[in-house]
Amino acid sequence: MSNTNRLRIAIQKSGRLSKDCQDLLKQIGVKLNLREQRLIAHSTNMPIDVLRVRDDDIPGLVMDGVCDLGIVGENVLVESQAERQNQQQCADVIKLSKLDFGYCRLALAWPQELGEQSKSWFEGKRIATTYPEILKQYLKRENINASAVMLTGSVEVAPRAGLADAICDLVSTGATLEANGLMQGETILESNACLIQNPSLQDPEKLALIEKLMPRLKGVKQAKE
Ligand code: PRT
Ligand code: ZN
């Protein structure tokens with residue numbers, strides 16, 4: 001997208017990260033008119049456009065340079081990087097900052113009635129997840145021969161529905177696992193939202209704007225500590 005010299009930032013349109021992203025932009029002084037349900041929101045006080053998309057699309061938009069910056073969960077970033085590497089596509093981003101929202105962990109879980117289990121229990125099992133690449137890397141690292149069953153939603157019902165023996169899903173409070181009679185096991189990834197940049201960005205004005213915004217972002221983070 002070379003038709004604009006406005007800095008393009010991709011954020012989640014609606015979901016767990018949307019409000020925190022909007023608040024963060026406001027706190028660093030980016031005024032936005034977000035009233036309309038539009039894909040693009042133009043800043044009224046800076047040369048910035050905010051693209052509001054599904055979180056899964058954010059890493060690719062930044063890696064391909066369609067957007068200059070993006071805010072996304074590290075879980076989605078790592079999964080997308082692994083996917084793109086498999087397809088020999090560019091998967092590089094610059095991680096400008098880890099943010100102080102969106103914390104969760106990607107953890108293994110299995111039916112409570114089976115009780116505590118060691119890693120060897122997973123041998124030959126089917127594990128339902130939305131993050132098959134992160135799971136496969138973990139299984140390889142741990143030398144466990146199990147298969148990943150890809151599900152984009154309702155992962156927590158997979159064991160009960162007979163679709164899988166165990167799951168590998170995001171957990172924050174643990175309430176979802178508990179409500180579904182699942183026992184939480186090892187955490188395979190801890191994740192926060194993070195701010196990423198396209199590594200090929202060269203436009204001096206855009207880079208200068210990022211340089212101007214980064215200390216503000218650091219200030220907002222420090223003020224919350
Ligand atoms: O529509 P779009 O594709 O943009 O949104 P989405 O539905 O894919 O994502 P969304 O809005 O649910 O989450 C966006 C990001 O928030 C995730 O990628 C994570 O980085 C982060 N995040 C933080 C979480 C959670 N906490 C979380 N608890 N994402 C999902 N969950 C889900 C989890 O999958 C499980 O179903 O919440 C449930 C567990 O929560 P607890 O509190 O019961 O443990
Ligand atoms: Zn998503």
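This is a predicted model: local features need pLDDT of at least 70, side-chain atom pairs count only at pLDDT 80 or more; totals for chains, interfaces and linings use all residues.

Two strands count as paired if DSSP finds at least two bridges between them. Helices (H or I, at least four residues) and strands (E, at least two) are DSSP runs, numbered from the N terminus.

Residues are numbered from 1 along each chain as its sequence is written, while chains are lettered from A and ligands numbered from 1 in the order in which they are written.

**The chain as a whole**

- The chain contains six helices and eleven strands.
- Its C-alpha trace spans about 55 × 35 × 30 Å along the principal axes.
- Of the 225 residues in the chain, 33% are buried. A residue is buried if 20 or more other C-beta atoms lie within 10 Å of its own, exposed if 12 or fewer, and partly exposed in between, with C-beta atoms placed from the backbone.
- Two residues are in contact if their C-beta atoms, placed from the backbone, lie within 7 Å. Among the contacts with a separation of 6 or more, 67% are between residues 24 or more positions apart.

**Two domains**

- The domain assignment gives domain 1 (7-102 + 192-224) and domain 2 (104-191). Such bounds come from an automatic or database domain assignment.
- The contact between them takes nine residues from domain 1 and nine residues from domain 2.
- On the side of domain 1 that touches domain 2, helix α3 (residues 74-86) gives the largest share, six residues.
- By class, that side of domain 1 has two nonpolar, four polar and three charged residues. Here Ala, Val, Leu, Ile, Met, Phe, Trp, Tyr, Cys and Pro count as nonpolar, Asp, Glu, Lys and Arg as charged, and the others, Gly among them, as polar.
- The C-alpha centres of domain 1 and domain 2 are 29 Å apart.

**The five-stranded sheet**

- Five strands form an open sheet with mixed pairing, in the order β8-β7-β9-β6-β10.
- β8 (147-150) and β10 (182-191) are at the edges with a single partner strand each, so one side of each has no neighbour in the sheet.
- From one strand to the next, the twist averages 30°. Axes are lines fitted to C-alpha atoms, for helices over the stretch in contact, and angles run from 0 to 180 degrees between N-to-C directions.
- Strand β6 (residues 104-111) pairs with β10 in the antiparallel sense over seven bridges, and Arg-105 has Glu-190 in β10 as its bridge partner.
- β6 is also joined to β9 by five bridges, again antiparallel.
- Six of the eight residues of β6 are buried, leaving the strand mostly covered.
- Helix α3 packs on the sheet, touching β6, β9 and β10, and its direction makes about 75° with that of β10.
- Helix α4 (residues 132-141) lies across β6, β7 (126-129), β8, β9 and β10, and runs at about 170° to β8.

- Is Leu-182 buried or exposed? Leu-182 is buried, with 27 other C-beta atoms within 10 Å.
- Leu-182 sits in strand β10.
- Beyond its neighbours within four places in sequence, Leu-182 is in contact with residues including Ala-109, Trp-110, Ile-167 and Leu-177.

**Strand β11 and its partners**

- Strand β11 (residues 193-197) has four of its five residues buried, so it is largely enclosed by the rest of the structure.
- Strand β4 (residues 69-73) pairs with β11 in the antiparallel sense over five bridges, and Ile-71 has Leu-195 as its partner there.
- Strand β5 (residues 94-98) runs antiparallel to β11 and is joined to it by four bridges, with Lys-98 partnered by Cys-194.

**Around ligand 1**

- Ligand 1 is surrounded by 21 residues, and the closest are Gly-15, Gly-73, Cys-104, Thr-173 and Thr-176. A residue is near a molecule if its C-beta atom, placed from the backbone, lies within 6 Å of it.
- Which element gives the most to this shell? β9 does, with three residues.
- The shell has six nonpolar, ten polar and five charged residues.
- Domain 1 and domain 2 each supply at least three residues to the shell.
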